[in-house]
Amino acid sequence: MKWTLAANGSANLPILTSADESEKRAGRELAHYLKWVTGAQFAVEDLAEGKAGIRLINDPALAEETLRITTDDLGVRLASGSVRGVFYAAYAFLEDVLGLRFFTQDVTVVPKAETLTVEAL
């Protein structure tokens, strides 16, 4: 399923995380870089059953540092089998799907997109 994450400076989906502070931090990092890409402010909210968004999920069915990035009828799902892996999934999404490049602490390449659409993954 294809999702438009932001258009014309407005976010279309929130970033959803559990109450775990590390996962919330991953959500804030993701929101920071998505704002660089789109100019839109992405809210970081609590994950809730049936709520659409960019979902950061610690999935115990996955191995500890296995990453799974998919789209479905509730948005984009960034999952791993550990909290640390959820952080890795967020950065893998930024790099592999959106094209950001983190070369050094001071050098990051951020592609700009007025409309940010993610094709089916």
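Predicted model: local features only at pLDDT ≥ 70, side-chain atom pairs only at ≥ 80, totals over all residues.
## Overall fold

The chain holds two helices and ten strands. Along the sequence they run β-β-β-α-β-β-β-β-α-β-β-β. The radius of gyration is 13 Å, close to the 14 Å that the globule rule gives for 121 residues, so the chain is as compact as a globular protein of that length. Along the principal axes, the C-alpha atoms fill a box of roughly 35 × 35 × 25 Å.

## Burial and surface

Buried residues account for 41% of the 121 in the chain. The accessible surface is about 6,300 Å². Carbon and sulfur atoms contribute 49% of that surface.

## The three-stranded sheet

Three strands form an open sheet in the order β2-β1-β10, and the pairing is antiparallel. Strands β2 (10-11) and β10 (115-118) stand at the edges. Each has a single partner strand, so one side of each is left without a neighbour in the sheet.

Strand β1 covers residues 3-7 and pairs with β10 over four bridges, in the antiparallel sense. W3 stands opposite V118 of β10.

## A nonpolar patch

F103, V107 and V109 make a nonpolar surface patch of about 280 Å². V109 lies in strand β9, residues 108-109. Its relative accessible area is 41%, so V109 counts as partly exposed.

Key. Residues numbered from 1 in each chain as written. Heavy atoms only, no water. Patch = residues over 30% accessible without salt bridge, like charges linked within 9 Å, V, L, I, M, F, W, Y side chains within 5 Å. Areas by Shrake-Rupley, 256 points an atom, 1.4 Å probe, with all protein chains shown as cover. Salt bridge = Lys/Arg side-chain N within 4 Å of Asp/Glu carboxyl O. Buried < 20%, exposed > 50% of the residue type's maximum accessible area, 1.4 Å probe, protein only. Pairing = 2+ DSSP bridges. Rg over C-alpha atoms; globule rule 2.2 N^0.38 Å.
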